[in-house]
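Subject: Structure handover

Hi,

Here is the structure for your files. Please load it before you read on.

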Amino acid sequence: MTRLVGLPPVIGLQTRLLVLGSFPGVASLREQRYYGHPQNQFWKILAALWSVDLVAMGYAERLDVVRDHGLGIWDVYAACEREGSLDTAIRNAELNDFGLVLRECPNLVAIAHNGGESFRHAKHTLALGLPVHKLPSTSPANASWSLDRKLAAWGEVFRLYGLV
C-alpha cells in the first residue's frame, strides 16, 4: 500500500474555529485542494452559510474567504496508507501535531470534527482545552444526511463562534 501525505493546514492568526476532516480523498490529493471531490458538500455548506458563491471561485480565492471568516481547515491525519478514498480503508495513520494550531492560532476558540472518523480522535483535540464539536460529514459517503440537515448542524456550530 502506498504511503500518502496530507495537505498543510489552512490556518492563521484570525482562525477562531478549526474544522478537522480525516484525510484528503483521492481527488483532493490529486488536486492538492481540500474537499476536491465535486460531490463533497463542504464548499456548498460554507457558501450557503456565508452567502458567497465559493463554488464558482478559484481555490486560492476560496481559501482567502475561509481565512477572512475566521475558519481554519486541516485533517486529523498527517499521513496514512489507503487505497481509494474511504475512511474505512485508512491504515497505519499518523496524527497531525494539534499543538501547532495553538501556537499558530492565538484566537482559536473551538474545534469541529467533520465526520465520525475525524471525531474518533476527539480525545486528542479535547486535550487542547477548547470546546470540541462533532459535525456531520460533508462526504458523499454520508448520504443519510440531507444537505439541509447538514447545513443546519454546521450553522449551529458556526453561529456559536461568530462565523455567521
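Predicted model: local features only at pLDDT ≥ 70, side-chain atom pairs only at ≥ 80, totals over all residues.

Residues are numbered from 1 along each chain as its sequence is written, and side-chain values use heavy atoms, with hydrogens and water left out.

The unreviewed UniProt entry carries the annotation "domain: Uracil-DNA glycosylase-like" for residues 8-158. Positions follow the numbering used here, feature names are shortened, and annotations may be inferred rather than shown by experiment. Over residues 8-158 the chain is 34% helix and 19% strand. Helices (H or I, at least four residues) and strands (E, at least two) are DSSP runs, numbered from the N terminus. The end C-alpha atoms of this stretch are 22 Å apart.

Sheet. Four strands form an open sheet in the order β3-β2-β6-β7, with parallel pairing. Two strands pair if DSSP finds at least two bridges between them. β3 (71-75) and β7 (132-135) are at the edges with a single partner strand each, so one side of each has no neighbour in the sheet. The twist averages 25° from one strand to the next. Angles run from 0 to 180 degrees between N-to-C directions, and axes are lines fitted to C-alpha atoms, for helices over the stretch in contact. β2 (residues 17-21) and β6 (residues 110-114) run parallel and are joined by four bridges. L17 is opposite A110 in β6. Helix α7 packs on the sheet and touches β2, β3, β6 and β7. Contact means heavy atoms within 4.5 Å. The direction of α7 makes about 160° with that of β7.

α2 with α7. Helix α2 (residues 42-50) packs against α7 (residues 147-160) at about 60°, axes 10 Å apart. Contact residues include F42, I45 and L46 in α2, and L147, K150 and W154 in α7.

α2 with α3. The axes of α2 and α3 (residues 59-68) come within 12 Å and cross at roughly 50°. This pair is therefore oblique too. The crossing of α2 and α3 is left-handed (anticlockwise). W43, L46 and W50 in α2 meet Y59, R62, L63, V65 and V66 in α3.

Best wishes

Conventions:
Parallel < 35°, antiparallel > 145°, perpendicular 65-115°, else oblique.
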